[in-house]
Every structure is written in structure tokens, then in C-alpha cells.
Amino acid sequence: MDSSTAAAMVRADGYELHALAIAYGQRQGHELACATKLADALGAASFRIVTVDLGALGGSALTDEIDVPKDRDHASIGAGIPVTYVPARNTVFLAVALAAAEACGAEALVIGVNALDYSGYPDCRPEFIEAFERVAALGTKAGVEGTPIRVLTPLIAMSKAEIAAKGHELGVPFEHTLSCYDPIEQGGAWLPCGRCDACALRAKGFAEAGLMDPALGGQA
Ligand code: ZN
């Protein structure tokens, strides 16, 4: 939901998109099938999947045999850093995206981080993104030669409801997006569990925006 809306927003600003999905050992491999459909639907000029196996390191409910928390209320979701935090994931993702951007001559990266309705992850905060932009300027040929690659975070100050409304307005095919940390396979399709933090935040966003979540199909 966040990545595809962020991509649609920069595309609307006139950028050509080069989409990148990262196979990091996430338990929900279905995410990568969704990314393939979304890159196509958003008219990306290129799409690649890069494998960086964070599952070899574990330490998260998304990559390891740790239960995903369920049925937490919004106060609990906002307090502390949950076990769905993947150690240094956005640092690794941004480093891979920076390499991809420099290799294809891109002027900016875009990442769908959000510091408002989020799960307390330290690598979604504006100060982290600003620090990474400095890394990008210092550690690349593009930066040294005076054209540093920028890090765009169009969702950083948006609520989940605003993200749902903006994505809807830009025609993002939300039916191909998956936010759930623990989806359930049913007849070859993957359905959101409806009980994890990601499902709760997403449901709250769509409800506050007064929209139906198309990923829920007939369930909504
Ligand atoms: Zn879920």
C-alpha cells in the first residue's frame, strides 16, 4: 500500500519509475508476486528483484520462527518496537536501492516510509532518512561529482487515511497490494489475516478515508 502509493505520487510528479523489489527472506513470499503486478500496473520502465537474504540472520517475526503479534489495540501498536521489526531492514534496502539508482543513472530513490501511522520502527523516521541522504552524497560517484542521489519520502507526514485516499485518487490497484505480516493461503490466493498490526493500521486508514479496501474482496 505504502510503496505503491509513494511510487504513484512520484510518477504523477513526472518521474520515470524503475521498480525494485527485495527478496529478503520474508515469510510472505507472496509480496514479490504482488510487486511484479504493481510494477506493471504503475508503468515502471524497469523492474528487478534483488535477493538479500536477511532470513539467514533472523531476529524478526517476518524472517524467523517468531509469532506475529495479533489483536493489539492502537495504543499498543504505537508503543515500543515490535518483533515485526527486521534488524536494519531499511538501511539494507536503501543501500541496495542506492546502488540500483546509481547504476541506472536515477536522480532519486523513493521509499514509502511513514512516521505517523506506523509501527514504531526506527528506520522509518525522518532523521534516519536525512542521515541516509548524507551517506548517499558521501559514498557514491554521483555524489562526489556533484549530483547526489536524493531520497524521496512522499508519505513521511501522511496518515494512513491520507495514503489510502491519495492512492485511490491516483488509481493505485490496491487489490494487488499486501500489507499483512501473516497472510493466509486459501485456494491459491493469499488473504490478509485481519489481526496483525499491519492489517489493523491498514483497516483504520481505509475506514477513516471512507473507502473500501479492494484487497479484502467480498469480505469487507
Ligand atoms: Zn495481517
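I looked up Lys-204 and Glu-208 and found their side chains in a salt bridge, 3.7 Å from N to O; I count one when a side-chain nitrogen of Lys or Arg lies within 4 Å of a carboxyl oxygen of Asp or Glu. This is a predicted model, where local features need pLDDT of at least 70, side-chain atom pairs count only at pLDDT 80 or more, and totals for chains, interfaces and linings use all residues. I number residues from 1 along each chain as its sequence is written, and side-chain values use heavy atoms, with hydrogens and water left out.

Lys-204 and Glu-208 sit four residues apart in helix α8, so about one helical turn separates them. Helices are DSSP runs (H or I, at least four residues), as are strands (E, at least two), numbered from the N terminus. Lys-204 is partly exposed at 24% relative accessibility; Glu-208 is exposed at 51%. My cut-offs are under 20% relative accessible area for buried, over 50% for exposed and in between for partly exposed (1.4 Å probe, protein chains only).

Next I checked Asp-197. It forms a salt bridge with Arg-72, with the closest N and O atoms 2.6 Å apart. Asp-197 is in α8 and Arg-72 in the loop between β2 (46-51) and α3 (74-77), 125 residues apart. Asp-197 is buried at 2%, while Arg-72 is partly exposed at 26%.

I then turned to Cys-196. Beyond its neighbours within four places in sequence, Cys-196 is in contact (heavy atoms within 4.5 Å) with Val-68, Pro-69, Lys-70, Cys-180 and Tyr-181.
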